[in-house]
Amino acid sequence: MKPDISLREAAGIFLRGLIMGGSDIVPGVSGGTMAFITGIYGRLVHAIAAVRPHTAIRLLRGDIQGFKDDVQAADPLFLIILLAGIGTAALVVSRGILYILETWPGQAFGLFLGIIVASAVAIAIQIESTRKNAIIFIGVGFGVGYLIGSIPPGSFGHSLPMIFGTGMIALCAMILPGISGAYLTLILGQYEYLLQAIREISLPEIVTFIAGGAVGILLFSRALRYLLDHYTAILLAFLTGLMLGSTRTLFDRIGEAGGFTPEVLIACTTGVILIAAVEQMRWKKRDSIIHKK
């Protein structure tokens, strides 16, 4: 718990929020990875884990002191400043991404494809399991992802309940290694719709998405942390397959935009280079932490 935050520290947290928010908008780039690189991942996970359903129950029961204690345990100033940075970046970057999608759709989806494939490989490298088990769960994940990717864009609609469910899934991705919440919104057919909602500051959609994310974190964050702690290899293998299988969506969108032209192939290569650079920074950060210990 850190009830007081200096102006300098607040500026640093806000800047990290800007970096995370800008990353979260790009499918395939993990805001969680950027949080790790910038040195706030542990604090963020701790703050999220401290947000519990019983906090609201304390308030409803009139236990004001217990409610205050729970809120302070969640590092509220840190979360508020970080979310302000993430929101600011989302407003700015969403406009640029929409412009790129409208002007150069093939290159945009090519970039996303390169990012996703490289991210899946980066996750696969972390798998510590027997080859047989890894292949099985990569295969299962690939099958699930391929089936999801085969669903035509827009099939789910854009109702508020669907946006709520998308928020539950996408925002929980921040505590999973290398998983992009934006990519999950893309394969669920909500990505461009939500970008437009952010650009137009359409509060019903934005509030519903955030509310879904809050509920998802409250309900599933502990279960996901348990899976990461006890079934890391299985989870990483499944996620690798899921990301690769769901690239069917990107192949279809590239095909609709004119196919794999030289410009699209360059964009794919750029995406791979981008993730390689991010992963290099992540490993350097990891090594520096290990050496300090």
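Which helices each supply at least two residues of the lining of the largest pocket? They are helix 1 (7–24), helix 2 (31–37), helix 3 (41–49), helix 6 (76–103), helix 9 (160–172), helix 10 (181–187), helix 11 and helix 12. Helices here are DSSP runs of H or I with at least four residues, strands are runs of E with at least two, and both are numbered from the N terminus.

The model is predicted, so local features need pLDDT of at least 70 and side-chain atom pairs count only at pLDDT 80 or more, while totals for chains, interfaces and linings use all residues. Residues are numbered from 1 along each chain as its sequence is written, and side-chain values use heavy atoms, with hydrogens and water left out.

The largest pocket has a volume of about 1,100 Å³. A pocket is found on a 1 Å grid over the protein atoms alone, as an open set of points with protein on both sides within 12 Å along at least five of seven lines; a cavity is a set of points where a 1.4 Å probe fits but cannot get out, and lining residues have an atom within 4 Å of a point. Grid points are joined across faces, edges and corners, and a volume is the space filled by probe spheres set on the points. The lining of the largest pocket has 39 residues, and Leu83, Ile86, Leu171, Phe209 and Ile210 lie nearest its centre. Helix 12 gives the largest share of this lining, nine residues. By class, the lining of the largest pocket has 28 nonpolar, nine polar and two charged residues. In this scheme Ala, Val, Leu, Ile, Met, Phe, Trp, Tyr, Cys and Pro are nonpolar, Asp, Glu, Lys and Arg are charged, and the others, Gly among them, are polar.

Two packed helices are described by the angle between their axes and the distance between the axes. The axes are lines fitted to C-alpha atoms, for helices over the stretch in contact, and angles run from 0 to 180 degrees between N-to-C directions.

Helix 9 and helix 12 pack at about 45 degrees, with axes 6 Å apart. Helix 9 is therefore oblique to helix 12; angles under 35 degrees count as roughly parallel, over 145 as roughly antiparallel, 65 to 115 as roughly perpendicular and the rest as oblique. The crossing of helix 9 and helix 12 is right-handed, where right-handed means that the near helix is turned clockwise from the far one by less than a right angle, and left-handed that it is turned anticlockwise. The contact of helix 9 with helix 12 has 16 nonpolar, six polar and one charged residues.

Helix 1 and helix 6 have an angle of about 40 degrees and axes 7 Å apart. They too are oblique to each other, and their crossing is right-handed.

Helix 11 (residues 191–199) meets helix 12 (residues 203–230) at about 120 degrees, with axes 8 Å apart, in a left-handed crossing. Tyr193, Leu194, Ala197 and Ile198 of helix 11 make this contact with Glu205, Ile206 and Phe209 of helix 12, contact being heavy atoms within 4.5 Å. Six of the contact residues are nonpolar, none is polar and one is charged.

Isoleucine 201 lies in the loop between helix 11 and helix 12. Most residues other than glycine have a negative phi. Isoleucine 201 has a positive phi of about 50 degrees, although it is not a glycine.

There is one cavity of 30 Å³ or more. The largest cavity holds about 50 Å³ of space. Its lining consists of Ile179, Ser180, Tyr183, Leu184, Ile187, Leu239, Leu242, Met243 and Ser246, with two or more residues each from helix 10 and helix 13 (232–245).
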